[in-house]
Amino acid sequence: MTTSSSPRPLHRFAIVSFDWLPAWTLSTWGATWVATPAFDRLAARGVTLDAVMAPGDDAAATLQAVFAEMCRRRGREGLAQSVLVTDSESLACGPLAADFGQVVVEPAGATRLCVAEEEDASLWHLFAAAADAEAAVGRPGGLLWCHAGSLGVAWDAPLEFRDSLVDEDDPEPPRLAEIPFARLEADADPDLILGVRQAFAGQVMLADRMLGRLLDVLAEDREPWTVVVLGLRGMPLGLHGQLGFPPPAQQGGGAGLLPYADLVQMPVIVADAAGRMAGQRYGGLLTAEDVGAFLCGELAGGGPSRLGQLLENWECLPRSQAVSQTVQGKTLVTDEWRLVVEHPRDSAEETSLEPPPVRLFAKPDDFFEQCDVADRCPGVVEDLLTQI
């Protein structure tokens with residue numbers, strides 16, 4: 001691998017990434033039914049990015065888009081003082097981890113039961129290891145990367161977290177840590193959906209608390225850190241006909257997900273060590289590659305990036321459109337629209353003469369993408385289909 005001769009930054013970087021974390025479940029992105037104060041605290045000292053899109057539902061592809069170029073440019077010398085802490089054994093054994101000076105694995109395993117104390121939860125062990133590893137990132141330009149994949153493995157937070165979200169007339173949420181799976185019909189029981197959302201939100205609340213403790217550890221240093229927190233993809237929570245996802249053996253080539261915003265919108269907060277853009281929001285359309293270009297520029301001497309320019313002069317040229325794709329379909333999003341095109345099913349009963357199902361949602365008004373206006377805006381659909 002090659003290394004860059006460009007000067008390293010005069011501060012250290014901490015990156016925290018979560019798989020299966022939807023932006024719409026965080027209070028920083030407007031959720032009023034669950035509190036995530038650590039995300040809010042970080043947003044107060046940084047810039048919140050409201051419209052970052054993942055390439056699809058493949059976490060490995062999103063990690064590649066965000067981290068690969070930075071790792072390649074830094075090379076073995078640049079990453080020697082960097083630490084990766086993860087609960088994902090596939091990431092720890094993969095190419096992105098190859099040149100980190102230290103890789104710490106706290107594997108998260110599937111379990112049926114929630115823990116009684118948060119100190120026994122998988123997220124607690126992961127973030128405790130990240131806090132311990134902070135001291136190993138000694139020099140300016142060092143990197144601490146903590147990656148949590150356990151939101152897609154088990155929701156093992158103590159039951160008190162999910163129970164704190166239950167109103168007086170609500171039924172009891174699920175009592176197990178196993179991630180459920182259900183295809184939802186139009187007449188699906190709303191209590192089922194509510195309970196699963198509360199169970200997941202309990203795990204998010206625990207993740208927020210663990211993030212807060214890591215931020216406290218970083219704040220004890222005399223020199224400030226630049227902190228970047230991001231989610232890779234969102235957990236299906238009933239907005240578009242699916243709760244959870246089936247076990248890998250039952251997925252048949254994919255998790256059955258169409259690329260709506262609840263899946264591909266990445267929550268991203270960049271809290272710069274110098275305090276640039278503190279407490280601000282940016283609503284322009286960006287992609288995972290833009291986050292990767294920023295990290296490459298800041299940590300590996302790469303060229304200018306949209307986010308780098310945003311921090312420097314409060315100006316950023318947004319993307320005019322972004323495309324995301326899954327096994328089930330493809331989406332194109334602009335400032336005004338999201339077009340979702342479902343791939344034809346591989347069946348002898350299907351005819352290639354029939355056009356694939358198409359859905360259209362007005363942006364930003366239809367935040368949850370519940371009102372399909374494709375039949376009322378055929379001209380818009382036709383125009384967007386030529387661009388996808």
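Helices (H or I, at least four residues) and strands (E, at least two) are DSSP runs, numbered from the N terminus. This is a predicted model: local features need pLDDT of at least 70, side-chain atom pairs count only at pLDDT 80 or more, and totals for chains, interfaces and linings use all residues. Residues are numbered from 1 along each chain as its sequence is written, and side-chain values use heavy atoms, with hydrogens and water left out.

**Stop 1: Q102**

Select Q102. Strand β4 holds this residue. Buried means under 20% relative accessible area, exposed means over 50%, and partly exposed is in between (1.4 Å probe, protein chains only). Q102 counts as partly exposed because its relative accessibility is 34%. Q102 and L230 are 128 residues apart along the chain, and their C-alpha atoms are separated by 22 Å.

**Stop 2: strand β7**

Select residues 225-231. This is strand β7, and seven of its seven residues are buried. In a regular strand the side chains alternate between the two faces of the sheet.

Strand β1 (residues 12-18) pairs with β7 in the parallel sense, over seven bridges. Strand β9 (residues 265-271) pairs with β7 in the antiparallel sense, over four bridges. Centre on V228. I15 has V228 as its bridge partner in β7, and V270 in β9 stands opposite V228.

**Stop 3: salt bridges**

Side chains of opposite charge can pair when their charged atoms come close. A salt bridge here is a side-chain nitrogen of Lys or Arg within 4 Å of a carboxyl oxygen of Asp or Glu. How many salt bridges does a search of the whole structure find? The count is 17. Visit these next.

- Select R41 and D216. Their side chains form a salt bridge at 3.2 Å, N to O. R41 lies in helix α1 (residues 37-44) and D216 in helix α6 (residues 190-219), so the pair ties together parts 175 residues apart in sequence. R41 is partly exposed at 38%, and D216 is partly exposed at 39%.
- Select R112 and E178. The salt bridge between their side chains is 3.6 Å, N to O. R112 sits in the loop between β4 and α4, and E178 in the loop between α5 (159-163) and β6 (181-183), so this pair ties together parts 66 residues apart in sequence. R112 is partly exposed at 48%, and E178 is partly exposed at 40%.
- Select E342 and R359. Their side chains meet in a salt bridge of 3.4 Å, N to O. E342 is in strand β14 (residues 337-342) and R359 in strand β15 (residues 358-362), so parts 17 residues apart in sequence are tied together. Is E342 buried or exposed? E342 is buried at 18%, while R359 is partly exposed at 23%.
- Select E118, R209 and R213. A network of salt bridges links them.

**Stop 4: a negative patch**

Switch to a surface view. Select E117, E119, D120 and E160: they form a negative surface patch. Patches are made of residues with over 30% relative accessible area and no salt bridge; like charges are joined within 9 Å, nonpolar side chains (Val, Leu, Ile, Met, Phe, Trp, Tyr) within 5 Å. Asp and Glu count as negative. Finish on E119, in the loop between β4 (102-105) and α4 (122-133). E119 counts as partly exposed because its relative accessibility is 36%.

Terms used:
Accessible areas come from the Shrake-Rupley method with a 1.4 Å probe; for residues, only the protein chains shown count as cover. The place of a charge is taken as NZ of Lys, CZ of Arg, CG of Asp or CD of Glu. Two strands pair if DSSP finds at least two bridges between them.
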